Amino acid sequence: DAMRKAPEVVRGATSQDVWSLQYADEELRGDAAFLLELVRRQGQALRYATDELRSDREVVLTAISCDVAARQFVAQELWSDREFVLQTIRHHGTSLATISEALRRDREVVLAAVCRDVWELEFAAEELWCDREFVEGVISRHSHALRFAPESVRHHRDFVIAVVAQHGSAMAYMTEELWRDREVVLFVVAKDGRLLQQAAHELQRDREVALTAVAQNGWALRHVAPELRADPEVVLAAACQDGWALQFVPPVLWRSSSFVRAAVTQHGWALQFAPEEVRKDREVALLTVARHGLALAYVTEELRSDREVVLAAVRQDGRALRAAAPELRGDREVAMAAVSQDGAALQHVCSKLRSDRELVLQAVAQDGWALRHAPEELRRDREVMMAAVKQQQFASERADREATAVAVGDTWSNAEIRITDREMALLSVRRYGRALRYASEELRQEREVVLAAVRQDKTAVVFASEELRNDPEVIAAGLAGPLGSVTLNADRPKASAAELAAMCLERGSPAPAPTP
C-alpha cells in the first residue's frame, strides 16, 4: 500500500505501462498536479483518474492534446460544457456524435464541426435547417451539405435553386418532386445539360428544356425524347456545342438535305454517323471535304476513288491522302496537291512516286520532317537536305529558340543519315549545336564546325573529335558559350577530363578526379 501511494513508484510504473495506474492509490489518482504530469506524457492515463479529475477541463484538455483517443474517458458532463466542446472541436476534431443534444442545436458549435468535416451534419439537430444564417454558412462551405438536409428543406424550391446556383454538384441531392418542377429543371440543365437524364419524362419532351440542355452540353441530346431528336433545331443546337452529339440523330433526319448541309458544314467528321445513302452522295461529299478534308475517310469507297473528290479533300488537308484509293495515291497531281498542303502527307504517297525528286522537294519545303519519308537516295540529296533544314529553321524561328534547336536536330535524327556537306553542317550547328553528333567524322575534326557548335551549345563538345575536345580554344569557347536547350543524352560519347572540368566550372562545383 505504501508503494501504491509513492509518486516516484507510480511514475516509474506508468512510464513502462500506463495501465498500471489503475493500481495506484485513489488519493494519488485524484491529485490534480500529479495527474497533469502523467497525462502530459500519456493522455490515456485519464482513464484511471478519479471522476472529479475526468471532469476537470484543464486535466482533460491536456490529456486530449497528448492523445486524442483520451476523449473516450472524459466525464459525460463536460460534453455539455459549450466552451470545452468548442475548444475540442476546433483543435482536436471532436465529433458532434459525442456531445450533448442541446449543443447539437447550437449554430456556432455545429458550424465549427462542419468546417472540419461536412459529414458532421449527420448529427446536427434538424431544427437548425430552419436557421437561415446557419444554412448559408453551411452551404457556402460545402457543396454536398444539401444531402444532409431534411426532406422538408430539400423540397423547398427557392432554397434548392439558391444552393444549386452556388454549388452545381448539389443538384444530385434534389428530391424527385423537384425533378418534375419545370422552373427548377430549366435552371439546373442550364448549368449542366447532362442532368436532363434525371428530369421527369414529360420535361425531356419539353422543347424549351431540351434546347436549354443541349445548348449547355451537346451530349444531353441522348436524353431528349425521341421526337425531339428528330427536330433539326434541337439537333443542330446540340451539334453546335458538341459535334459528337450527331451520333444520336435518328436516320429520318439525315434524309433532310438542309439538315445534312448544316451538319457537315459545322462538323465534317459527323458524316461518319450518317446512313450510307448520305455518305455516297457526291454533292454532299464535295461539300464536306472542301471544308473538312479528313472527312474523306467517311465517304463510300466509290467516292474515295473519285479524283475530283480526293483532290478537293487533299487541297483542304493533305493528310486526307491516306483515305484515298491506292490508284489516286499514285497520281502525281493528287500527291503534289497533298504534300503542298502538308509535307507529312508524303508518307501516304505510293512508294514509286516517293522517288520523284520534285515531289519530295515540295514536301520538305512545306515540312522539313517529311525528309524521314523520302527514299534513301533523296535523303542524301544535297538540295533536298538543305530545303528540309531551312524549312525547319524558318518554321521554328516563328516559335522560339528551343523549338528551332529541336526541329533542326530532329531533321537529322529522323533522316538517319550523316551530314557530309560542310555548308550544311555549319548551317545546322549554328542553330542547334548538338547537330554535330550527326556530322561525319571528317567534319567533327574541323575546327570551324566544332567551334560553331560549341558556341551555340557548350555540351556539343562531347561530339567533337578527341583532338578538338582537348583543344584550348574549343574549351574556352565552351566555357563562354550557352547551355543548349536540349539536355545531354545518355548515349553521348565519354567526355574528356578537359570537358568535365569545363562543365564543372560552369556549374560552380569542383571537377571530379579523372577516372583511371
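Predicted model: local features only at pLDDT ≥ 70, side-chain atom pairs only at ≥ 80, totals over all residues.
## Two helix pairs to select

α20 passes α21 in a left-handed crossing.

**First stop: α20 and α21**

Select residues 332–341 for helix α20 and residues 357–366 for helix α21. Their axes come within 7 Å and cross at roughly 20 degrees. Angles under 35 degrees count as roughly parallel, and α20 and α21 are therefore roughly parallel to each other.

Next, show the side chains at the contact. On the α20 side, pick Arg332, Ala335, Met336, Val339, Ser340 and Gln341. Facing them in α21 are Glu358, Leu359, Gln362, Ala363 and Gln366. Coloured by class, this contact of α20 with α21 shows five nonpolar, four polar and two charged residues.

**Second stop: α2 and α4**

Now move to residues 7–16, helix α2, and residues 32–41, helix α4. Here the axes come within 11 Å, with a crossing angle of roughly 15 degrees. The pair α2 and α4 is therefore roughly parallel as well. As for handedness, α2 passes α4 in a right-handed crossing.

To see what makes the contact, select Pro7, Val10, Arg11, Thr14 and Ser15 in α2. By class, the contact of α2 with α4 holds four nonpolar, two polar and three charged residues.

**Back to both pairs**

With both pairs on screen, which crossing is left-handed and which is right-handed? The crossing of α20 with α21 is left-handed, whereas that of α2 with α4 is right-handed.

Technical notes: Residues numbered from 1 in each chain as written. Heavy atoms only, no water. Axes fitted to C-alpha atoms, helices over the stretch in contact; angles between N-to-C directions. Helix = DSSP H or I, 4+ residues; strand = E, 2+ residues; numbered from the N terminus. Parallel < 35°, antiparallel > 145°, perpendicular 65-115°, else oblique. Left-handed = near helix turned anticlockwise from the far one by under 90°. Contact = heavy atoms within 4.5 Å. Nonpolar A, V, L, I, M, F, W, Y, C, P; charged D, E, K, R; others polar.
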